[in-house]
Amino acid sequence: MNLSVILDPEKGATLVDTGVPGQATMILDKLAAEGISQSDLKRILITHQDVDHIGSLKALKAATGAEVLALDVEIPYIEGTKPSPKMPSPERLAQNPGFKAMLDALERCSVDVALKDGEVLDLAGGVTVVATPGHTLGHISLYLNRSHTLITGDALTSSEGTLGGPMEQATPDMASAKVSVKRLAELDVKQIVAYHGGLVDQDANGQLRKVAAE
């Protein structure tokens, strides 16, 4: 997994996603190593509801007092007031005890701010919220207008600098996911950060358009 931090010298740091349960201390230590203290972390942006993205959210919010933001339609799934359509059956969970233990360790957390598709956050020169459904109903990607950086969550993947499409086995609505990729390909992108796979900075625009075309 590849967490991202958006830095703004006046408005503090923004963490994008929070890893799996039990990783809060590790994440805070990594931030501290980059000169970002707990008090510097002002907000946490959640791309979507999956346990590897919200796992340490409650602990991080408790430690830092950070404000939590997510797309409006995704909030009930993040908070746990609606069951996730992606939740495996009890039989499937019994076959995967590691994943079951991760879900059992998940502590739900409230979301403070409901975001809208197309909203531009007044951070770091402007951060545009781009709804990219498919992997989940309310999945979002984030486009940093000034640096032309795209943070894709699980809307895209990458491997050793090569961009790939959504993970089919983890994306219930591939038709919507493909439409989302085409929407992202309309942006002017210099670098892309995929949660699974990391940074793509060589011909990011070209790679993105190729994936969209395929």
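## Surroundings of Ile-78

Leaving aside its neighbours within four places in sequence, which residues is Ile-78 in contact with? In this predicted model, the contacts of Ile-78 beyond those neighbours are Ile-46, His-48, Gln-49, Ile-54, Leu-57, Ala-70, Arg-108, Cys-109 and Val-111.

Ile-78 also belongs to the largest nonpolar core, which has 24 residues. Along with Leu-41, Ile-44, Ile-46, Leu-57 and Leu-60, Ile-78 touches the most other members of that core. Two or more residues each come from strand 2 (12–16), helix 1 (24–33), strand 3, helix 2 (51–54), helix 3 (57–64), strand 4 and helix 4 (75–79). Helix 1 is the leading contributor, giving 4 residues. In soluble globular proteins, nonpolar side chains tend to be buried together.

Strand 4 (residues 67–71) is mostly covered, with 4 of its 5 residues buried. Strand 4 pairs with strand 3 (residues 41–45) through 3 bridges, and the two run parallel. Within that pairing, Leu-45 has Leu-69 of strand 4 as its bridge partner.

Strand 4 is also joined to strand 5 (residues 113–115), again by 3 bridges and in parallel. Here Leu-71 is bridged to Leu-115 in strand 5.

An open sheet is built from 6 strands in the order 6-7-8-9-12-13, with mixed pairing. Its edges are strand 6 (120–121) and strand 13 (198–200), each of which pairs on one side only.

Inside this order, strand 8 (residues 140–144) and strand 9 (residues 149–153) run antiparallel and are joined by 3 bridges. Leu-144 stands opposite Thr-149 of strand 9. Helix 8 (residues 204–213) lies across strand 9, strand 12 (191–194) and strand 13, and runs at about 55° to strand 12.

## The protein as a whole

The secondary structure amounts to 8 helices and 13 strands. The C-alpha trace spans about 45 × 40 × 30 Å along its principal axes. The radius of gyration is 16 Å, which agrees with a compact globule, because a globule of 214 residues would have a value near 17 Å.

Of the 214 residues, 50% count as buried. Among contacts with a separation of 6 or more, 65% are between residues 24 or more positions apart. The accessible surface comes to about 10,100 Å², and carbon and sulfur atoms account for 52% of that area.

How values were computed
Residues are numbered from 1 along each chain as its sequence is written. This is a predicted model: local features need pLDDT of at least 70, side-chain atom pairs count only at pLDDT 80 or more; totals for chains, interfaces and linings use all residues. Side-chain values use heavy atoms; hydrogens and water are left out. Two strands pair if DSSP finds at least two bridges between them. Contact means heavy atoms within 4.5 Å. Axes are lines fitted to C-alpha atoms, for helices over the stretch in contact, and angles run from 0 to 180 degrees between N-to-C directions. Buried means under 20% relative accessible area, exposed over 50%, partly exposed in between (1.4 Å probe, protein chains only). A nonpolar core is a set of buried Ala, Val, Leu, Ile, Met, Phe, Trp, Tyr and Cys residues joined through side-chain atoms within 4.5 Å. The radius of gyration is taken over C-alpha atoms; the globule rule is 2.2 Å times the number of residues to the power 0.38. Accessible areas come from the Shrake-Rupley method with a 1.4 Å probe; for residues, only the protein chains shown count as cover.
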